[in-house]
Amino acid sequence: TPDPPPGYYPVAPAACPICEAQAVFDLRLSSKQRGAGWRCQKAGSRHYWEAQVQVLRRNLEANPWLFAPVVLRDGVQRLAPEGIQPGDVVLYPGVRREEVITQDSPP
């Protein structure tokens with residue numbers, strides 16, 4: 001079977017991925033999108049949510065687009081999250097996060 005996506009827990013971990021303390025299953029935090037919920041014996045659900053936020057941050061860093069470009073490539077209209085390639089006909093140039101999110105943007 002393929003590995004689950006980052007942030008998805010098929011079962012609760014034995015140890016908290018943040019502090020390595022014992023982790024226990026928590027049904028209230030379980031969901032179809034995130035799998036088995038768990039809480040840390042030291043920090044409760046806070047470390048569960050910190051682990052989820054780390055995954056979101058990595059995903060945002062890996063994808064610079066707020067709205068990916070739309071191009072015609074080989075006669076087919078498609079999204080181009082990898083960016084505009086030579087030979088593409090640009091239908092929409094896309095918007096990168098860095099173009100609208102500044103240091104002065106509210107959190």
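User: Taking contact to mean heavy atoms within 4.5 Å, what is His47 in contact with, leaving aside its neighbours within four places in sequence?

Analyst: His47 is in contact with Cys16, Ile18, Cys19, Trp38 and Cys40. A word on the ground rules: this is a predicted model, where local features need pLDDT of at least 70, side-chain atom pairs count only at pLDDT 80 or more, and totals for chains, interfaces and linings use all residues. Residues are numbered from 1 along each chain as its sequence is written, and side-chain values use heavy atoms, with hydrogens and water left out.

User: Got it. Where is the place of His47, and is His47 buried or exposed?

Analyst: His47 belongs to helix α1. Helices (H or I, at least four residues) and strands (E, at least two) are DSSP runs, numbered from the N terminus. His47 has 7% relative accessibility and counts as buried; buried means under 20% relative accessible area, exposed over 50%, and partly exposed in between, with a 1.4 Å probe and protein chains only.

User: And Cys19, where is that found?

Analyst: Cys19 sits in the segment before β1. Its relative accessible area is 27%, which makes it partly exposed. Leaving aside neighbours within four places in sequence, Cys19 is in contact with Cys40, Lys42 and His47.

User: What does Gln22 touch, not counting residues up to four places away in sequence?

Analyst: Gln22 touches Ala14, Arg39, Cys40 and Gln41. Gln22 is in the segment before β1. Tyr8 is 14 residues from Gln22 along the chain, and their C-alpha atoms are separated by 18 Å.

User: Switching to aromatics: how many aromatic pairs are there?

Analyst: The count comes to 3 aromatic pairs. The rule is that rings of Phe, Tyr and Trp (its six-membered ring) pair if their centres lie within 6.5 Å; planes under 30 degrees apart count as stacked, over 60 as edge-to-face and the rest as tilted. One of the pairs is Trp38 with Tyr48, edge-to-face at 5.4 Å centre to centre and 85° between the planes. Trp38 lies in strand β2 (residues 38–40) and Tyr48 in helix α1 (residues 45–62), so this pair ties together parts that are 10 residues apart in sequence.

User: Are those two buried or exposed?

Analyst: Trp38 is buried at 0% relative accessibility, and Tyr48 is buried with a relative accessible area of 0%. Tyr48 also pairs edge-to-face with Trp49, at 4.9 Å centre to centre and 80° between the planes. Trp49 is partly exposed, at 38% relative accessibility.

User: Which residues form the aromatic cluster?

Analyst: Tyr9, Trp38, Tyr48 and Trp49 form one cluster.

User: Which charged end sits over the ring of Trp65?

Analyst: That would be Arg96, with its charged end 4.4 Å from the ring centre of Trp65. A charge sits over a ring if NZ of Lys or CZ of Arg is within 6 Å of the ring centre and within 35 degrees of the ring normal.

User: Now the loop between β1 and β2. What does the side chain of Asp26 reach there?

Analyst: It reaches the backbone nitrogen of Arg28 at 3.0 Å. A polar contact is a pair of N or O atoms within 3.5 Å; within protein, one must be able to donate a hydrogen and the other to accept it, and residues adjacent in sequence count only if both atoms are side-chain atoms. Asp26 is buried, with a relative accessible area of 6%. Not counting residues up to four places away in sequence, Asp26 touches Gly37, Trp38 and Arg39.

User: Last topic, the sheet. In what order do the 3 strands come?

Analyst: The order is β5-β4-β6, in an open sheet with antiparallel pairing. Two strands pair if DSSP finds at least two bridges between them. β5 (76–79) and β6 (89–92) stand at the edges with a single partner strand each, so one side of each is left without a neighbour in the sheet.

User: How many bridges join β4 to β6, and over how many do β4 and β5 pair?

Analyst: 3 bridges join β4 (residues 70–73) to β6, with Leu72 partnered by Val89 in β6. β4 and β5 pair over 4 bridges, and Arg73 stands opposite Val76 in β5. The hairpin of β4 and β5 has 2 residues between the strands, and Asp74 takes a positive phi near 55° there.

Key:
Contact = heavy atoms within 4.5 Å.
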